[in-house]
Amino acid sequence: MQRKKAIQVSLLAAVVIAVQVFTSATGSLFYLTQLTMSAYYLLVILGLTVLMGYTGQISIGHAGFFAMGGYISAMLTTHDLTQYKDNSLIGLLDSLGLLVERTGLYGDNLLNVTPWAAFIAAIAVTFIVAYLIGGPVLKLKGHYLAMATLAFGTIIYTIVSATPIFGEADGINAVPPFELLPGLVVSGNIALRTSNYYIAWGLVIACMYLLLNLMDSRVGRALRAIHGAEDAAGSMGVNTAQYKLRVFVLSAVFAAVAGVFLTHYNAGIGPSEASVMKSIRYVAIVAIGGMANLWGALVMGVFLNFLSLRGYFGSFDDAVFGGILIVIMLFAPDGLLRQGNLRALIGLFAKPSKEEGV
Amino acid sequence: MSVLLEVKNLSRHFGGLRAVDQVSFSVQEGAIKAVIGPNGAGKTTLFHLISGYLPSTEGMVSFMGRDIHHKKPFEIAALGLGRTFQHVRLFHGMSALDNVMVGRHTRSSAGFLSGMLALPHARREDRAIRERAMEELEFMGIASLADTEATSLSFGQQRSLELARALALEPQLLLLDEPAAGLNMHETVEVGETIKKIRDRGVTVLIVEHDMSLVMNISDEVMVLSYGQKIAEDEPLAIQKNEEVVRVYLGEDDG
């Protein structure tokens, strides 16, 4: 079992490397930009797959968590603190090495929070908010849970698009690069395109490995049991409320990590990242990926986000994902890429050869 | 023999309806005790009260000397009280084996982090869970169906699977809610044999059942409920001769 997963994840890594080698050999490195962005969106989608697909708890508010990560990080790393230099709290942060002086776009001197400190703050805030929201909201089921999470997403959207510190409708731009380790920088700089592709996909591979392990573990079985029959899971000793909350927080943190990284990569973030349409897009991809299918979500997530980012859907971008959701809910409410469906599909094509055998 | 489960003056009212009304009884360790009664007598409500699925209006429940009244179902399960449901409640989308493996939840401890990192102790524990789950499937005679999706099994197999899952919990007390409902006569006899085998493993059994032949065959003691109240509690043979019980079941002889 463990070996099978190791092989699968190694194959994923091989494909990731092969794509990079291929694009560099064919002089089409520009594709890596959209693949990098798709990889960050995948982090949201994989977290949501565990929450929604495996545990059966829908969230139409995950763009809100993504935006929380991105916006908090963007605000802290761009908001100039020079005028507060004499404030004792700012002085304390400075002496702890959490602040950095840098030169802004227009040659002005800025005093900002360091990206690492901003990252940790963004994750911590998301963690706490997800915990506080998740407690009461996860008592709801079905449409009621969907509506409550939708409302949460709407609140975040309203906050970021109406608060001056978050740049209102313009969002925040000129977000500095995020130096993870010396020499390893999250940045949209074209010279760093290849290394950024590997940072993003390295995160996806790690996340995939962790989540595949999780779903195969005692906790993973308990989560699927909650989806399968919540009351019976309780009678087996599963603390259903606690497990649902933990998965909710876990997926929210994944979304926030994605938000932070993509914001540094794009050097900015706008309110559309917090929009309901983004949340619906994530849900649609989890659904078309087969709901309880991490690999399906990964394949569909890359495929659809890549097409969307390359602009293939034109002005129908959001409509495509809305349409996907409608079609899936009508014809394959348990998700499209499922073992049963795949077998049926293979059977469809395998039929003639079978008859030959007879 | 000691008292494993003790219920005192347990009541549950739904508005004006007294679904369970001042019921007191106890279950001796190692016994098979049956609760019978006409439809709507409050048998399933009584089970829900004991296993924590419904809060009681008043009364007390103690299990192995501990007050389990007001505890949540998962806490009660962790103390060693297993149950099955009147309408089979399997985890759909999971194999038969995975279903039973969930039954080992309270007997294992790996958390989110050790699961995600597949730490050696978590993997060792998982292997032990798998082995034990297979043993329970074998005990119920459905080991060959381990990899089948639970909900695609036949109804009788689903009932067996639900039992295997409850047994994986290593319960001290097993609550069976109509284990023979929907089964034919032959299968019902088999269920009776299985319940005796479960008792012989040292598991105390409390069973709600409609099927009189099953109850009379296997029970050490029978309690009769009618309109939420206990009207009799005795050995099976005595219950069969109890006039009040006969009246409740067959109706009065006054036209």
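Contact here means heavy atoms within 4.5 Å. By that criterion, the interface in this predicted model takes 34 residues from chain B and 30 residues from chain A. The two chains bury about 2,900 Å² between them. Of this area, 64% lies on carbon and sulfur atoms. On the chain B side, B:His105, B:Phe112 and B:Met116 lose the most area to chain A. Together these three residues account for 29% of what that side buries.

Three salt bridges are counted between chain B and chain A. One of them joins the side chains of B:Asp126 and A:Arg221, with an N to O distance of 3.0 Å. Several helices of chain B give two or more residues to the side that touches chain A. They are H2 (73–78), H3 (96–102), H4 (112–116), H5 (120–139) and H6 (155–168). The largest share, five residues, comes from H5(B). By class, this side of chain B has 18 nonpolar, eight polar and eight charged residues.

Chain B also contains an open sheet of four strands. The strand order is S2-S1-S4-S5, and the pairing is antiparallel. Strands S2 (17–28) and S5 (66–67) of chain B lie at the edges, each pairing on one side only. Helix H1 (43–50) of chain B packs on the sheet. H1(B) touches S1 (3–14), S2 and S4 of chain B. The direction of H1(B) makes about 115 degrees with that of S1(B).

The pairings can be followed across the sheet. S1(B) and S2(B) run antiparallel and are joined by eight bridges. Within this pair, B:Phe14 stands opposite B:Leu17. The hairpin of S1(B) and S2(B) has two residues between the strands. There, B:Gly15 takes a positive phi near 60 degrees. On to the next pair, five bridges join S1(B) to S4(B), again in an antiparallel arrangement. B:Glu6 has B:Ser62 in S4(B) as its bridge partner. Finally, S4(B), residues 58–63, is joined to S5(B) by two bridges. These strands run antiparallel.

Key:
Residues are numbered from 1 along each chain as its sequence is written. Chains are lettered from A and ligands numbered from 1 in the order in which they are written. This is a predicted model: local features need pLDDT of at least 70, side-chain atom pairs count only at pLDDT 80 or more; totals for chains, interfaces and linings use all residues. Side-chain values use heavy atoms; hydrogens and water are left out. Two strands pair if DSSP finds at least two bridges between them. Axes are lines fitted to C-alpha atoms, for helices over the stretch in contact, and angles run from 0 to 180 degrees between N-to-C directions. Buried area is the accessible area (1.4 Å probe) that two parts lose on being put together, summed over both. A salt bridge is a side-chain nitrogen of Lys or Arg within 4 Å of a carboxyl oxygen of Asp or Glu. Ala, Val, Leu, Ile, Met, Phe, Trp, Tyr, Cys and Pro count as nonpolar, Asp, Glu, Lys and Arg as charged, and the others, Gly among them, as polar.
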